[in-house]
Amino acid sequence: MRVSTQCGRRHEHLYGKIERNVIRSEKFGDKIVVEQLLRGSRVILCTLSTFCHPRFDSAGFALFVPVDTVIVDEASQIEVGDYVPLLGHHGRKINKLVFIGDDKQRE
């Protein structure tokens, strides 16, 4: 599994064990690097905003790991309008869209 993230430096210590699986956003511009790092991957873990960002698309992530199933964690904490870019850009490719969240957390 490869992980794509735009995580801030303040939590970087949490990612030490998976560092070899992290593709930092500053590498998104290099399709060759992205393709090599994603080779054989079937899962991409990232934020909803990263997944819908134009740089993510132009880097070819969806070409190298085709979109099939999207799982949204903490879905109850995301505004409905934030799903519009996801569905507008990837909607026809998504076979399953899974929302996981606790509606009690919104209060």
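Figure 1. From the N terminus on, the elements run β-β-α-β-α-α-α-β-α-β, which gives the chain five helices and five strands; helices (H or I, at least four residues) and strands (E, at least two) are DSSP runs, numbered from the N terminus. The structure is a predicted model, in which local features need pLDDT of at least 70 and side-chain atom pairs count only at pLDDT 80 or more, while totals for chains, interfaces and linings use all residues. Residues are numbered from 1 along each chain as its sequence is written, and side-chain values use heavy atoms, with hydrogens and water left out. Residues 24 or more positions apart account for 66% of the contacts in the chain with a separation of 6 or more, where contact means heavy atoms within 4.5 Å.

**Figure 2. Strand β2 and the burial of isoleucine 23.** Of the 107 residues of the chain, 29% count as buried; buried means under 20% relative accessible area, exposed over 50%, and partly exposed in between (1.4 Å probe, protein chains only). Isoleucine 23, in strand β2 (residues 22-24), is buried, with a relative accessible area of 1%. From C-alpha to C-alpha, isoleucine 23 and leucine 37 are 7.5 Å apart in space, and they are 14 residues apart in sequence.

Figure 3. A search of the whole structure finds five aromatic pairs; rings of Phe, Tyr and Trp (its six-membered ring) pair if their centres lie within 6.5 Å, and planes under 30 degrees apart count as stacked, over 60 as edge-to-face and the rest as tilted. One of these is the edge-to-face pair of phenylalanine 28 and phenylalanine 61, with 5.0 Å centre to centre and 70° between the planes. This pair links distant parts of the chain, with phenylalanine 28 in the loop between β2 and α1 (31-38) and phenylalanine 61 in helix α4 (residues 61-64), 33 residues apart. Phenylalanine 28 is buried at 2% relative accessibility, and phenylalanine 61 is buried at 1%. The rings of tyrosine 83 and phenylalanine 99 also form an edge-to-face pair, because their centres are 5.2 Å apart and their planes stand at 85°. Tyrosine 83 lies in the loop between β4 and α5 (84-90) and phenylalanine 99 in strand β5 (residues 96-99), so this pair ties together parts that are 16 residues apart in sequence. Tyrosine 83 counts as buried at 10% relative accessibility, whereas phenylalanine 99 is partly exposed at 47%. Phe28, Phe51, Phe56 and Phe61 form one aromatic cluster.

**Figure 4. Two cysteines without a disulfide.** A disulfide is a pair of cysteine sulfur atoms within 2.5 Å, and by this rule the count comes to zero. The sulfur of cysteine 46 is 8.3 Å from the closest cysteine sulfur, in cysteine 52, which is too far for a bond. Cysteine 46 counts as partly exposed, at 27% relative accessibility.

**Figure 5. A nonpolar patch on the surface.** Ile71, Val98 and Ile100 form a nonpolar surface patch with about 250 Å² of accessible area together. Isoleucine 71, in strand β4 (residues 69-72), counts as exposed at 56% relative accessibility. Patches are made of residues with over 30% relative accessible area and no salt bridge, like charges being joined within 9 Å and nonpolar side chains (Val, Leu, Ile, Met, Phe, Trp, Tyr) within 5 Å; a salt bridge is a side-chain nitrogen of Lys or Arg within 4 Å of a carboxyl oxygen of Asp or Glu.

Conventions:
Areas by Shrake-Rupley, 256 points an atom, 1.4 Å probe, with all protein chains shown as cover.
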